[in-house]
Amino acid sequence: MAQVQQAVAAELDRIGAVINELGARFAGAGHELYLVGGPVRDAMLGRLQNDLDFTTDARPEQTERLLKGWADAVWDMGRAFGTIGCRKGEWQVEITTFRSETYDPSSRKPDVDFGDSLAGDLGRRDFTVNAMAVSIPDRRFEDPYGGVVDLAHRVLRTPGRPEDSFSDDPLRMMRAARFSAQLGFTVAPEVVEAMRAMAGRIEIISAERVRDELVKLVCAPFPRRGLTLLVETGLADHVLPELPALALESDEHHRHKDVYEHTLTVLEQAIEMEERLTPDGEPPRPDFVSRFAALMHDVGKPRTRKFVGDGTVTFHHHDVVGAKITRKRMKALRFSNDEIEAVSKLVELHLRFHGYGSGEWTDSAVRRYVRDAGDQLERLHILTRADCTTRNARKAARLRRTYDDLEARIERLSEEEELASIRPDLDGTQIMEILGIGPGREVGEAYKFLLELRMDEGPQDEEAARAALLAWWGQRQA
């Protein structure tokens with residue numbers, strides 16, 4: 001225990017000025033203050049961040065008064081839940097009154113009661129590794145539920161019975177999967193069993209809270225661990241049913257593995273290529289859109305599976321069907337329209353490359369590939385490359401070379417033609433002037449004709465574009 005306290009104290013030294021000042025203000029007013037939860041756990045792991053969580057016996061209005069005059073800014077994080085937030089320099093601080101909370105079986109919102117003891121507050125927390133505290137300013141370590149032992153063994157347990165914990169807040173079941181993905185920890189068997197038995201309780205949680213946990217899980221360092229736990233406990237049946245459905249299918253190209261395992265491998269391979277999305281000089285960071293597209297790219301297969309005469313299985317149009325399924329699921333989880341459109345587009349386009357063959361595409365086809373991908377082109381490169389999970393080294397190398405060739409052609413055409421901003425060689429004003437017409441549907445049709453001409457034949461000079469437009473218009477008038 002002494003070694004743990006020394007390790008935590010060393011990590012806390014770098015934020016000593018902040019916590020000492022804050023602790024002195026609360027102590028001077030006769031209140032207790034503890035650094036609690038994730039920051040204590042992260043201090044032990046040597047990864048303390050700038051977000052600091054505290055708990056106190058002070059009520060929210062008392063906390064607010066104590067912060068004013070000290071913090072750079074103070075805001076109401078959720079007074080009804082006992083939380084007041086503030087900023088001090090680079091530090092983001094949340095201070096919450098000791099509390100306990102439970103869910104009514106039919107309600108999505110917890111009933112909150114303020115408490116008067118640290119032990120009671122820690123006992124209501126999700127996992128023992130998050131139920132440790134350090135008193136401020138004297139830095140006394142508090143660990144009534146053995147969190148430090150579980151941290152050392154890299155295991156997630158609940159302070160009390162997991163059934164009671166998950167009854168209080170069913171979202172904790174998803175948090176178990178998320179922490180497993182973030183920290184690489186094992187979830188204790190009794191916790192897994194409770195998750196399996198109580199998976200249906202997640203239905204009372206709002207879609208927004210489920211979405212936020214899912215995003216954190218997918219963007220974690222070890223998403224396979226968390227996703228596997230969601231599937232094995234049945235939670236995925238309620239929050240992302242398209243994922244476990246994939247385990248029932250066999251891939252037409254990789255019969256040695258089901259589509260579920262293929263999907264997790266594609267996700268991991270996409271993660272390995274995320275540096276392609278990172279500006280030069282910056283460290284790679286998780287990209288949710290790219291990762292979620294990898295996770296959803298084959299969800300259309302269960303609905304499109306067909307058995308043919310020779311015993312093989314086909315999944316024709318699973319890209320289009322999968323895009324519709326993806327859009328519907330993301331809407332149900334309350335994702336933004338931009339995220340929905342980005343992920344759905346990637347799912348719909350993920351097979352397009354396979355029409356490239358050995359490079360038979362015309363420049364026109366390459367232009368359309370770029371145009372259809374739009375601002376998702378780099379992510380489409382990642383998804384298409386990640387989708388190759390064959391164990392046949394020769395086939396994998398051939399696919400890589402072929403895609404290298406496609407990217408090289410895109411780069412060459414981009415340099416020559418500015419592919420990212422392809423437009424017709426004449427704008428709307430010129431079209432109306434040449435044809436002698438005013439604004440209306442015909443201008444849009446002419447614009448579309450010129451855009452297709454640009455795609456098929458590349459850039460035209462104004463005279464050639466004018467001649468083509470007049471010829472098209474003449475045919476329409478005949």
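A: Two strands count as paired if DSSP finds at least two bridges between them. Strands themselves (E, at least two residues) and helices (H or I, at least four) are DSSP runs, numbered from the N terminus. The model is predicted, so local features need pLDDT of at least 70 and side-chain atom pairs count only at pLDDT 80 or more, whereas totals for chains, interfaces and linings use all residues. Residues are numbered from 1 along each chain as its sequence is written, and side-chain values use heavy atoms, with hydrogens and water left out.

The open sheet has 7 strands in the order S3-S4-S5-S2-S1-S8-S9, and its pairing is mixed. S3 and strand S9 (141-142) are the edge strands; each has a single partner strand, so one side of each lacks a neighbour in the sheet. Strands of a sheet pair through backbone hydrogen bonds, either parallel or antiparallel.

S3 and S4 are antiparallel over 5 bridges, with Asp76 opposite Ile84 in S4. The hairpin of these two strands has 4 residues between them, and Gly82 there takes a positive phi near 90 degrees. S4 and S5 are likewise antiparallel, over 6 bridges; Thr83 stands opposite Thr96 in S5. S4 and S5 also form a hairpin, with 2 residues between the strands, and Gly89 in its turn has a positive phi of about 60 degrees. S5 then pairs with S2 in the parallel sense over 6 bridges. Phe54 faces Ile95 of S5 across the strands.

Angles run from 0 to 180 degrees between N-to-C directions, and axes are lines fitted to C-alpha atoms, for helices over the stretch in contact. Helix H2 (residues 16-28) lies across strand S1 (33-36), S2, S4 and S5, at about 30 degrees to S5. Helix H4 (residues 60-67) touches S2, S3, S4 and S5, and its direction makes about 10 degrees with that of S4.

On a 1 Å grid over the protein atoms alone, a pocket is an open set of points where a 1.4 Å probe fits, with protein on both sides within 12 Å along at least five of seven lines; lining residues have an atom within 4 Å of a point. Of the 40 lining residues, Asp53, Glu94, Arg175, Arg178 and Lys216 are the closest to the pocket centre. Elements that each supply at least two lining residues include strand S2 (51-56), strand S3 (73-78), strand S4 (83-88) and strand S5 (91-97). The largest share, 6 residues, comes from H8.

As for confidence, pLDDT (the predictor's confidence in each residue, from 0 to 100) has a mean of 88 for the protein, and 92% of residues reach 70 or more.

How values were computed. Contact = heavy atoms within 4.5 Å.
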